[in-house]
Amino acid sequence: MNVPAKATHRQTRQHNQRLVLRTLYDFGPTSRAEVSRLTGLTRTTVSDVVAGLIADGVALEVGRGPSSGGKAPILVRVVDDSRHVIGLDLGEGAFVGALVNLRGEVRRIVELPVDGRDGDEALGLVYRLVEELLAEAGSSLLGIGVGTPGVIDTRTGTIRWAVNLDWQDLPLGRLLEERFAVPVNIANDSQAAALAEYTFGGDASRRPNLVAIKVGRGIGAGIVLDGSLYQGDGFGAGEIGHTVVEDDGAACRCGRFGCLETVASGPAIVARARELGLEAGTIDDVRRALEAGDAAAISAARLAGRYLGRAVASLVGALDIHEIVVHGPVAALGEPWLEAIRDEATRRSLPLLADSVEIRTARIAANEVVLGASALLMTRELGLSLVR
Ligand SMILES: [Zn+2]
């Protein structure tokens, strides 16, 4: 193939720019000489790239560092608010969008209730959400990161199937790119949330692997292996919500019967609690009753927890991952539910594996999907390692 010299040149420049930006981002205020040493690029190249970054407003000179004999070097750092990403969470009862800066700090958040919309109406709601945030971001917008339930082809940005929103083969990525003229990155919401928990919810003793299970209207897991999101051969890794766990079980929205979601999702818990005599309309009602010691609420939470524990046992058996995190609206049920998950997961796992497993609620309490979606986009567009 005949590659034009210009394109090659541009690619080299882009590569160098990413390398310098990432170094400044990871190391904080750094001198040009130090960037040159860290990246292996020549001082001239680094100076050129830094000049470009400063002209674009992405970097800034911030005084002088300690001298090593001669004149103290000028330090350069990244301007965290020079670029923004719009992160979207299209799960649950509301679509949530956030304007996030280069450090993953949420600058603005907008929430629009879904009110049962699906198909084209739900798509219209996505456009509205972006438009509201766009007004604030202006020219600093780097792109849009989307976390949505369902099986997503992340290469083409196509939602292959999102049961709850009635989206099938929806090219959401292309539609958003055409409408807003910025790069778009789409990931499954549970997968994005797992990445956010891994990136922002960690401590010094972090393990390289993590499974984060989202439990709300739907159930899905995100799997991080060796610090990277594992999406599987068909992007559906962690889609555990529609695994059949009960023969002859209740009808599921996916058209089959007895899926995990029919017994362990938020709506399933509410329905079960009602069967047992509790007047509950939402998972929040069940949580309040549970905290007041209501027997029906406790029983419904425990049953759902046990079903989820079986799924956890399968994941532990397949992956031998020690850190299992649960999050989403149902995780607010707390201990009796968690305890049931732990008991059942332990009971159904090889003791050697089960002993080292920690099952806990997420450390990131809010915005995990928008943060994960933003992190994915920044990694892709700028090579910034929000994801460590
Ligand atoms: Zn199903």
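## A walk through the predicted model

Val-316 touches Ile-321, Ile-324, Ser-349, Leu-353 and Val-357, once its neighbours within four places in sequence are set aside; contact here means heavy atoms within 4.5 Å. What you're looking at is a predicted model, in which local features need pLDDT of at least 70, side-chain atom pairs count only at pLDDT 80 or more, and totals for chains, interfaces and linings use all residues. Residues are numbered from 1 along each chain as its sequence is written, and side-chain values use heavy atoms, with hydrogens and water left out.

Let's stay with Val-316 for a moment. Val-316 belongs to helix α10; helices (H or I, at least four residues) and strands (E, at least two) are DSSP runs, numbered from the N terminus. Is Val-316 buried or exposed? With a relative accessibility of 3%, Val-316 counts as buried, where buried means under 20% relative accessible area, exposed over 50%, and partly exposed in between (1.4 Å probe, protein chains only). Val-316 and Arg-348 are 32 residues apart along the chain, and their C-alpha atoms are separated by 9.9 Å.

Another spot to look at is Glu-344, in helix α11 (residues 335–347). Glu-344 counts as buried too, at 6% relative accessibility. Which residues does Glu-344 touch, not counting those up to four places away in sequence? They are Arg-306, Gly-309 and Arg-310.

Now for how helices meet. Helix α9 (residues 283–291) packs with helix α10 (residues 295–319) at an angle of about 115 degrees, and their axes are 7 Å apart. Axes are lines fitted to C-alpha atoms, for helices over the stretch in contact, and angles run from 0 to 180 degrees between N-to-C directions. This crossing of α9 and α10 is left-handed; that's the word if the near helix is turned anticlockwise from the far one by less than a right angle, while clockwise makes it right-handed. On the α9 side the contact is made by Val-286, Ala-289 and Leu-290, and on the α10 side by Ala-297, Ile-298 and Ala-301. By class, the contact of α9 with α10 has six nonpolar residues, no polar ones and no charged ones. For these classes, Ala, Val, Leu, Ile, Met, Phe, Trp, Tyr, Cys and Pro count as nonpolar, Asp, Glu, Lys and Arg as charged, and the others, Gly among them, as polar.

Helices α2 (residues 32–39) and α3 (residues 43–55) make another crossing, with axes that come within 9 Å and an angle of roughly 115 degrees. The crossing of α2 and α3 is right-handed. Here Arg-32, Ala-33, Val-35, Ser-36 and Thr-39 of α2 meet Arg-43, Val-46, Ser-47, Val-50 and Ile-54 of α3. That contact of α2 with α3 divides into five nonpolar, three polar and two charged residues.

On to the rings. How many aromatic pairs does a search of the whole structure find? The search finds one. Rings of Phe, Tyr and Trp (its six-membered ring) pair if their centres lie within 6.5 Å, and planes under 30 degrees apart count as stacked, over 60 as edge-to-face and the rest as tilted. The ring centres of Tyr-127 and Phe-180 are 6.4 Å apart and the planes stand at 65 degrees, so this pair is edge-to-face. Tyr-127 lies in helix α4 (residues 119–137) and Phe-180 in helix α5 (residues 172–180), so the pair ties together parts that are 53 residues apart in sequence. Tyr-127 is buried, at 13% relative accessible area, and Phe-180 is buried at 11%.

Tyr-127 has something else going on: Arg-179 lies over the face of its ring, at 3.9 Å from the ring centre. A charge sits over a ring if NZ of Lys or CZ of Arg is within 6 Å of the ring centre and within 35 degrees of the ring normal. Over at Tyr-25, the charged end of Arg-103 sits over the ring, 3.9 Å from its centre.

Finally, find His-327 in strand β15 (residues 323–327). His-327 is buried, with a relative accessible area of 5%. Its contacts, leaving aside neighbours within four places in sequence, include Ala-193, Lys-214 and Glu-368.
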